[in-house]
Amino acid sequence: MHLTPEQQAMLDGEMGFATRKAMEIITTLGKIYAAERLIPVSSVQIAGVSYANLGKAGLDFLDTMANGGGKARVLATLNPAGMDIENWQALGISREFAQKQLMVLNAFQRMGVVTTATCTPYLAGNLPRFGEHIAWAESSAVCFANSVIGARTNREGGPSALASALTGFTAAYGMHLENNRRPTIQVRIETPLEGTHAFGALGKAIGEQFEKDAQRHIPYITGIANASIEELKALSASIATYGGTAMFHIADITPESNRFPIPAEGFAIQAKDLQNAIEAMNDATKDEIDFISLGCPHLTIKEVAQIASMLEGKKVNKEFWITTSRPVKKIADTMGYTQVIEKAGAKFATDTCCVVAPIKGRFRAIATDSAKACYYAYAKNEFHTRLLPFEQVIEFAVE
Ligand code: F3S
């Protein structure tokens, strides 16, 4: 693999311990994937932030890198943490966990990583442009960046994303190479689609087909006339979760959809496929649902505004988490949405989410509009799940 003098100097340790370690990670990955060179990245999103996932070993690694002089060379932001950084007590997080989580955030901050703690960095100041090479972890954001924005990123892991932040480079393989962005299969949507829950169910229906074929396909999706940012983020999260997909094209909607030939081979998704996908996420009875969460991926301000308008003057009768980024929460504060939502008894779980927060054992069943949240609620926390349209989730909370 060709290295420039600057990259070689990093690898030789001339720019400090942490930069050397980071360059070792990047070049090792490059060798594994037969990259010919490294390319500069302009933006990084780092996952592996919740102390519930990192544990002591992860925190020690971050401390070592921070103490070893690690400094972000490009804009680098963070995935959600295991708690609301300002309001963790209200979410029932223990003091011991909070202390460890704050140490994790402190280590990132010392390395110059912007501690946004959101899985929608593109809504919180980290928005790449079309064609830009980036190194993002967080599968939903990766899929959104490749498919909706047209930026170029592989599905990085936490350490490799941090390594790109500390060096400013990634290895040129996978989704960074034009030819690897070609659609490989056509998916014809033959049923109307509306709402985040429907787009999430679509991601499950398509993704599971890929898992069945043991193929990491790039679908070329036809039959969708329009899709909002909220629906596209729901699809990105779900197709990445259920199918390991890093990118999709939607005819005439996503930026590269007209760039490549349309694959002839494919399959159709009909109303019954969507219905089956939804039913598979609905094993919770209404009576056992004791937890409600909206915001996987983190909510846009438009979604927060809708929640506020539907909760105005009402009272929620269950634990209800609204998960979003700190910048979106600040806008909600300014607009008075926070006051309305909190007066109704719902809680902002800013900087975190119902998947990365340590809540296993606290609830029996969750209602949400997110297919990705359903997957992890069951797989990680052993909750029963109910997938509902966004508005029906809110209506259910005040029933
Ligand atoms: Fe984001 Fe948590 Fe969902 S990180 S995509 S809200 S699982």
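The legends below describe close-up views of a predicted model. Because the model is predicted, local features are taken only at pLDDT of at least 70 and side-chain atom pairs only at pLDDT 80 or more, while totals for chains, interfaces and linings use all residues. Residues are numbered from 1 along each chain as its sequence is written, and side-chain values use heavy atoms, with hydrogens and water left out.

**View 1. Helix α10 and the glycine that follows.** Helix α10 spans residues 301-311, where helices (H or I, at least four residues) and strands (E, at least two) are DSSP runs numbered from the N terminus. Within α10, the residues E303, V304, I307, A308, M310 and L311 are buried, that is, under 20% relative accessible area with a 1.4 Å probe and protein chains only. After α10 comes G313, which has a positive phi, near 75°.

**View 2. The crossing of helices α8 and α13.** The axes of α8 (residues 229-243) and α13 (residues 371-379) come within 8 Å and cross at roughly 40°; axes are lines fitted to C-alpha atoms, for helices over the stretch in contact, and angles run from 0 to 180 degrees between N-to-C directions. This angle makes α8 oblique to α13, since angles under 35 degrees count as roughly parallel, over 145 as roughly antiparallel, 65 to 115 as roughly perpendicular and the rest as oblique. The contact (heavy atoms within 4.5 Å) is made by A237, S238, T241 and Y242 of α8 together with A371, K372, C374, Y375 and Y376 of α13. By class, this contact of α8 with α13 has six nonpolar, two polar and one charged residues, with Ala, Val, Leu, Ile, Met, Phe, Trp, Tyr, Cys and Pro counted as nonpolar, Asp, Glu, Lys and Arg as charged, and the others, Gly among them, as polar.

**View 3. The largest pocket.** The largest pocket holds about 480 Å³ of space. On a 1 Å grid over the protein atoms alone, a pocket is an open set of points with protein on both sides within 12 Å along at least five of seven lines, a cavity is a set where a 1.4 Å probe fits but cannot get out, and lining residues have an atom within 4 Å of a point. Of the 27 residues lining the largest pocket, N79, E138, V356, K372 and Y376 are the closest to its centre. At least two lining residues each come from β4 (135-137), α5 (139-149), β5 (155-156), α8 and α13, and α5 supplies the largest share, three residues. The lining of the largest pocket comprises 14 nonpolar, eight polar and five charged residues.

**View 4. The second largest pocket.** About 330 Å³ of space lies in the second largest pocket, a volume being the space filled by probe spheres set on grid points that are joined across faces, edges and corners. Its lining has 18 residues, of which N154, R155, G174, M175 and A246 are the closest to the centre.

**View 5. The largest cavity.** Of the two cavities of 30 Å³ or more in the structure, the largest has a volume of about 90 Å³. Among its 16 lining residues, A234, C296, P297, D369 and S370 lie nearest the centre. Helices α8 and α13 are the elements that give two or more residues to this lining, and α8 gives the most, with five residues.

Technical notes
Buried < 20%, exposed > 50% of the residue type's maximum accessible area, 1.4 Å probe, protein only.
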